[in-house]
Amino acid sequence: MPIVAITREMGSLGKDVATGLGEALGLPVIYHEVIDHLADRMRLRRSHVINLLDGKAGLLQRITADQTSLFIHSADEIIAKAMEGRGAIIRGWGATHLLRDVAHVVTVRVCAPLELRRKRMMERIGTGDAAQVAEEIHRNDEAHTAIVRRHYGLNWSDSEHYDLVLNTERVSVPECVEEVLGIVRSPKFAETDASRRQLEDLALSARVWAALRRSPETRDTRASVSAAAGVISVSGCGTEEMLKIVEVAVAVPGVRDVAYRARESGDLRPALH
């Protein structure tokens with residue numbers, strides 16, 4: 001089933017494009033579900049999670065929040081939603097960057113010029129305070145930029161990170177939907193056994209990262225962890241830390257084995273034998 005990941009700027013009508021795609025494909029639009037699960041997992045208020053991820057959190061909220069855990073658990077939630085098998089439109093949450101390497105996932109950015117976005121937002125919330133709306137848009141854009149740069153090391157507005165970039169100043173919402181549908185229905189983006197395995201590996205890696213973050217023994221690890229066909233590969237840490245990671249990883253459902261790359265030799269070795 002198709003998976004479309006959409007990122008959008010405030011006032012770009014990306015939400016409307018996502019809704020239209022969901023209706024056209026008969027698929028759920030995933031957004032609020034992620035918030036609810038994250039709030040439960042992080043033991044935070046729902047409003048706190050929204051403020052942190054939308055860049056609206058105050059100083060106290062930012063200081064008291066574990067933003068690394070928030071990112072790791074949100075990634076786990078998003079990839080789990082993509083794994084459900086019925087297809088989905090996933091709006092926001094970094095889904096375009098998390099799922100970019102999965103061959104059957106279509107990644108879309110919806111944008112519009114700043115002045116138009118400001119006008120739309122003023123009409124939407126019924127205000128004549130152009131300066132306040134412009135400041136809100138600026139703050140939202142800056143927060144999005146900072147989050148993506150911190151966790152993915154890239155500039156989210158660069159077009160090469162997406163399969164399709166749509167400017168709603170020139171392309172209407174229905175036309176945007178049709179453009180995305182054309183790509184979704186292309187044989188190139190059909191789900192295959194290989195692309196499904198890519199998604200499964202990504203999901204297993206995310207589950208392991210979430211488990212490592214929950215464990216006091218491994219929550220601060222900077223090791224590199226990846227998954228392939230049920231085997232977790234660990235590198236960039238010493239033997240003592242590796243043993244702690246193995247202990248946590250083997251308890252994660254779906255992990256069949258763990259291998260590590262020794263610093264001295266660089267060879268990948270089984271960690272469980």
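In this predicted model, the second largest pocket has a volume of about 700 Å³. Of the 26 residues that line this pocket, those closest to its centre are Phe71, Ile72, Leu98, His151 and Trp209. At least two lining residues are supplied by each of the helices α5 (67–82), α6 (95–98), α8 (130–152) and α10 (193–214), and likewise by the strand β6 (224–228), with α10 giving the largest share, seven residues. By residue class, the lining of the second largest pocket comprises twelve nonpolar, eight polar and six charged residues.

The structure contains one cavity of 30 Å³ or more, and the volume of the largest cavity is about 40 Å³. The lining of the largest cavity is formed by Met1, Ile3, Ala82, Gly85, Arg86, Gly87, His104, Glu191 and Arg196, a set that divides into three nonpolar, three polar and three charged residues.

Turning to helix packing, helix α1 (residues 14–25) and helix α9 (residues 173–184) have axes that come within 9 Å and cross at roughly 55 degrees; α1 is therefore oblique to α9. The crossing in which α1 passes α9 is right-handed. On the side of α1, the contact is made by Asp16, Val17, Gly20, Leu21, Ala24 and Leu25, while α9 contributes Val173, Cys176, Val177, Val180, Leu181 and Val184. The residues of this contact between α1 and α9 comprise ten that are nonpolar, one that is polar and one that is charged.

Terms used:
Residues are numbered from 1 along each chain as its sequence is written. This is a predicted model: local features need pLDDT of at least 70, side-chain atom pairs count only at pLDDT 80 or more; totals for chains, interfaces and linings use all residues. Side-chain values use heavy atoms; hydrogens and water are left out. Axes are lines fitted to C-alpha atoms, for helices over the stretch in contact, and angles run from 0 to 180 degrees between N-to-C directions. Helices (H or I, at least four residues) and strands (E, at least two) are DSSP runs, numbered from the N terminus. Angles under 35 degrees count as roughly parallel, over 145 as roughly antiparallel, 65 to 115 as roughly perpendicular and the rest as oblique. A crossing is left-handed if the near helix is turned anticlockwise from the far one by less than a right angle, and right-handed if clockwise. Contact means heavy atoms within 4.5 Å. Ala, Val, Leu, Ile, Met, Phe, Trp, Tyr, Cys and Pro count as nonpolar, Asp, Glu, Lys and Arg as charged, and the others, Gly among them, as polar. On a 1 Å grid over the protein atoms alone, a cavity is a set of points where a 1.4 Å probe fits but cannot get out, and a pocket is an open set with protein on both sides within 12 Å along at least five of seven lines; lining residues have an atom within 4 Å of a point. Grid points are joined across faces, edges and corners, and a volume is the space filled by probe spheres set on the points.
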